[in-house]
Amino acid sequence: MLAGVYQAVKKNGTIYYRSNITYRSKHISLGSFQTESEAHQAYLEAGGLLSDTQTTINNVSFSHYQLNHEKIVSLLNYRDNNIYIKNPIYMYRTYFCYYLTPDEIYKFDIDDLFYFSGHKLLRRGGRLYVNDYGMQVTILSRYGIRNFAAAGKDYLFANQDPYDLRYANIINVNPFHGVRRCNKNGLITYDTFIHIKGDYRVGSYAALHEAAIAYNKAVDLAHQHGITKNFPTNFLTEMSARDYAQAYTQIQLSAKYLKYLSRFSSQD
């Protein structure tokens, strides 16, 4: 066998080749390959990356290697930072980069390193998520952002970079269900909608907390009129029970929505 290569057999009897390298007393698997020469090439590439400091995370040409981009990032990070991480993470002093692809690189705060070292970042339908205890957990939920929140409306990027997911760069404009932030000629308002058989506008409010409470009130009235849908609830932990009750009583809902609810009462 060529250096760094050993033969393996699949359950169906097919022969394949695995490649590995030892660096700083650590045994590192480089992956599986169809041919011995491909596995050996991966071994040579890994040795070159680990010894040639002229090749850096910023100038490496991922497409020129037999190794996949994830392994290249892991090797360069181990060489430069002396920490081996299986996921494609490259560390800096106060943050790290996660290379989802060679061209799709996300920045995270260094405090999140432990989490993403053990959770693989994935993407489906434009949403980033990880598998956590058998569940798909969206990355935005770590910032208090709802699953179906819209960028530019419900949350913003302070530096306009959607790949920068450091906490200081995420502005959670709207953490509440059923609320949409509106900018009309520089005037910021918050519109409240409830989804029953389509979206129904509950009202427009000057303050975010008012719009959130209006949504809760709309849900309560829907239940009172016999609508059994399981709506989410907005929690306003910063308000006292007394202040919440006062605001709840004073907030008005649109006449159109109240008229819509009356249809359900007439069906009884």
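**Salt bridges in a predicted model**

Glutamate 70 and lysine 120 form a salt bridge, with their closest N and O atoms 2.9 Å apart. Glutamate 70 sits in helix α2 (residues 69-81) and lysine 120 in the loop between α3 (113-118) and β7 (122-124), so this pair ties together parts that are 50 residues apart in sequence. The model is predicted, and it holds six salt bridges. Side chains of opposite charge can pair when their charged atoms come close.

- Glutamate 70 has a relative accessible area of 25%, so it is partly exposed.
- Lysine 120 also counts as partly exposed, at 36% relative accessibility.

**Arginine 180 and aspartate 199**

- A salt bridge joins arginine 180 to aspartate 199, and the closest N and O atoms are 2.7 Å apart.
- This pair links distant parts of the chain, as arginine 180 is in strand β12 (residues 179-184) and aspartate 199 is in strand β14 (residues 199-205), 19 residues apart.
- Arginine 180 is partly exposed, with 39% relative accessibility.
- Aspartate 199 is partly exposed as well, at 43% relative accessibility.

**Aspartate 164 and arginine 166**

- The side chains of aspartate 164 and arginine 166 form a salt bridge, at 2.8 Å from N to O.
- Aspartate 164 has a relative accessible area of 2%, so it is buried; the cut-off for buried is under 20%.
- Arginine 166 has 22% relative accessibility and counts as partly exposed.

Methods: Residues are numbered from 1 along each chain as its sequence is written. This is a predicted model: local features need pLDDT of at least 70, side-chain atom pairs count only at pLDDT 80 or more; totals for chains, interfaces and linings use all residues. Side-chain values use heavy atoms; hydrogens and water are left out. A salt bridge is a side-chain nitrogen of Lys or Arg within 4 Å of a carboxyl oxygen of Asp or Glu. Helices (H or I, at least four residues) and strands (E, at least two) are DSSP runs, numbered from the N terminus. Buried means under 20% relative accessible area, exposed over 50%, partly exposed in between (1.4 Å probe, protein chains only).
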